[in-house]
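Subject: Structure handover

Hello,

Here is the structure you asked about. My notes on what turned up follow below it.

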Amino acid sequence: MKRESRLVRWIWWTVVVTALFLLGFSIGWFTKHSKATTDNHKTSSRHLQEFLDEMQTDLIREHLRKFTRLPHLAGTEQNLKYAEQIIKEWQDFGLDSVEMVPYDILLSYPNKSQPNYISILDHTGNEVFNTSFAEPVPQGYEDISNIVPPYSAYSPKGHPEGDLVYVNYGRTEDFFQLEREMGINVTGKIVIVRYGKIFRGNKVKNAMSAGAKGVIMFSDPADYWATGVKPYPDGWNLPGGGVQRGNVLNLNGAGDPLTPGYPAKEYTYRVNLEEGVGLPKIPVHPIGFHDAIHLLKNMGGQVPPNNWKGALNVSYKTGPGFTEDFKSHKVRMNIHSNNQVTRIYNVIGKIRGALEPDRYVILGGHRDAWVFGGIDPMSGAAVVHETVRSAGKLLRKGWRPRRTVIFASWDAEEFGLLGSTEWAEDNARLLQERAVAYINADSAIEGMYTLRVDCTPSLHTLVYDLTKQIESPEDGEEGVSLYESWQKRDNWTNDRDAPRISKLGSGSDFEAYFIRLGIAAGRARYTKNKKTERYSSYPVYHSVYETFEIVAKFYDPTFRRLRAVAQVRGGLIFLLADSQVLPLDATEYADSLRKYAQSIAHLAQTHTEQMETYKVSFESLFSAVENFTAAARDFHERLQTLNREDPLQVRIMNDQLMYLERAFIDPLGLPGRPFYRHVIFAPSSHNKYAGESFPGIYDALFDIENSADPERAWREVKRQISIAAFTVHAAAMTLTPPA
């Protein structure tokens, strides 16, 4: 009996000692694990602060000054020289590698010996008025050569002659209103439209569809003048002789018009020019509002609705043609531009990742400009330059990011996002497997009011967290965070108590990465007060007046706003490249999907009777969104208990976050737009600049009440709903445990 008692006590003590040992081991292990994680976080946070603090206003100013001294249109010698200068300086800053990557793409230039212009002809065919050949050159730049005159890139040659018709902004709804309500047909006419509201290429596409034989575009003070501001150089408004240049393509993400879908290398097959993707078939030309007055002041025809009237001292009558006294006068376009295959040069710099070199975080912005590019794009290029310099400074101190960082200086963005798209096509297989995120770095400032961010929903939380660590650049807001300043000026009041973040549309270099390849993307810049400043873009957009001086004198004299943008863009790159767990938030995506589904269903509900007739329901989409929401919630709960000491477990969760955006890509693309493959986001078919959610459904619903075949039209709506529902459900599955 005693022997049994001793045995029991011995077993009991063995169990107790073993339990205490295991408890001590566990406490020690978790303490070590927690300490290692905490130490990693502290080190990363310290380096982030060093990185942000290193960015200097005087150096951003210096970068902007040196890259805006001369015109540097894509395909020109000066733009190549700037590329070579960037390569040298990025190497000096300490990047691991920097290379030049060329492509041979279709570009468009005016004919130097035969200028483009618009004329008014009298009854004998004599020119009684001609528009200006060039803009008045700003003070201080009189001796600069190679300033390209205003033109519409990719306009075909031609001399169409005929009656003029005014069509407001040239939007789809403007042409509908002109034909359906005013009874005016533009077939065989030359149309004149004002810039603003939508992408200029969409205006040209609409005019072609309506049968017009030429398009004239002008900047109306109603759309390109800020109240109480003088024209440049005494203020930042557009002078009457100022003109917006720009391309008039309708590429829909195709890249180089002659090599759609494939990189424009020397060996690449090229289609004939007549088959080029997105090229306009009718001549197009831009003019300033001083010239526009002469074309509009004697217009005959109907007095349009008030919302068709701009701020010029003319009636804005629609035409066709002029009033009785000038009935015999016609308008003639004289366009001599040439399209030619030209070599362009991207600059690609890299910092190799220390632990995950096969995961890429990209900061890319373009370098080419229509003239000097003071705002577009060099305010952004100066910010990239300072970001690279600051990263190089950290590298010299021994820091190296967890993942690889790629910096890109794109060429030929102004000609249809061509440099960035060609590189995306060239590296598509790698990027689909390895790219974590793409942060865009176009113009860094377009106003003087507050921050503007457009990004994929999974970046929302990261943007908010980062901006809380950056100081407001505004006078009188010392000690106030950028987040607080931004929230005060642009709160998302109808949705949530946080600063407004917008959807990504297009019109800049993120397009191929986000909408074709499904890489998480975002952009940040300083902007205007959209509630009170109603003008389009910014007044001197794409004109000769986009100089260094307009930024230094008016937009950002202290360069603190540009520094804040540099810190936002750079901070996003830093955290995406250096955080152990990717700072992407699937629950934010779920919340956005819910809003987008409700919004598109609400749009469809304006046709309740037809929905009942054709048995159209959004239940499958709502159900898929619920599934996604549950999967996102469960994923982030698992993330809280992730063993961060196990690199394989960390990699698995990071890959699920990285590939989430890819899950929304449909390889078949949107109807009629095969290179736009994102089912949740794409540019509007009617305005490339604007982002639409569930674009397939939206396009199917557009103007459906006037469909010639309602049954077929509503079948397409049902098909698009099913595609969206499947895609959202499939994306939810990617967030579930791997086994």
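Helices here are DSSP runs of H or I with at least four residues, numbered from the N terminus. Please keep in mind that this is a predicted model.

Salt bridges

The count of salt bridges comes to 44. In helix α3, D92 and K88 sit 4 residues apart, about one turn of the helix. An α-helix has 3.6 residues a turn, so residues three or four places apart point the same way. The side chains of D92 and K88 form a salt bridge, with 3.0 Å from N to O. D92 and K88 are both exposed.

E89 and K66 also pair in a salt bridge, at 2.7 Å from N to O. This pair links distant parts of the chain, since E89 belongs to helix α3 (residues 77-93) and K66 to helix α2 (residues 57-66), 23 residues apart. E89 and K66 are both buried.

A further salt bridge joins the side chains of D703 and R180 (3.0 Å, N to O). D703 is in the loop between α20 (695-701) and α21 (710-733) and R180 is in helix α4, so the pair ties together parts that are 523 residues apart in sequence.

One network of salt bridges with shared partners joins E356, D358, R359, R402, R403, R651 and D655.

R403

R403, a member of that network, is placed in strand β14 (residues 403-410). R403 counts as buried because its relative accessibility is 1%. A polar atom of the R403 side chain lies 2.9 Å from the backbone oxygen of L576, and one lies 3.1 Å from the backbone oxygen of Q580. Leaving out residues up to four places away in sequence, R403 touches I351, G353, V436 and N654, among others.

Helix α4

In helix α4 (residues 172-180), the buried residues are T172, D174, F175, Q177 and L178. Their cover includes β6 (164-166), β7 (190-194) and α5 (200-209).

Nonpolar core

Which residues have the most contacts inside the largest nonpolar core? They are L621, F628 and F694, in a core of 225 residues. Helix α15 (residues 560-578) gives the most to this core, with 10 residues. Not counting residues up to four places away in sequence, F628 touches A586, Y589, A590, L593, L660, F664, V728, A731, A732 and L735.

Regards

Terms used. Residues numbered from 1 in each chain as written. Predicted model: local features only at pLDDT ≥ 70, side-chain atom pairs only at ≥ 80, totals over all residues. Heavy atoms only, no water. Buried < 20%, exposed > 50% of the residue type's maximum accessible area, 1.4 Å probe, protein only. Helix = DSSP H or I, 4+ residues; strand = E, 2+ residues; numbered from the N terminus. Contact = heavy atoms within 4.5 Å. Core = buried A, V, L, I, M, F, W, Y, C linked by side-chain atoms within 4.5 Å. Polar contact = N/O pair within 3.5 Å; in protein donor to acceptor, adjacent residues only side chain to side chain. Salt bridge = Lys/Arg side-chain N within 4 Å of Asp/Glu carboxyl O.
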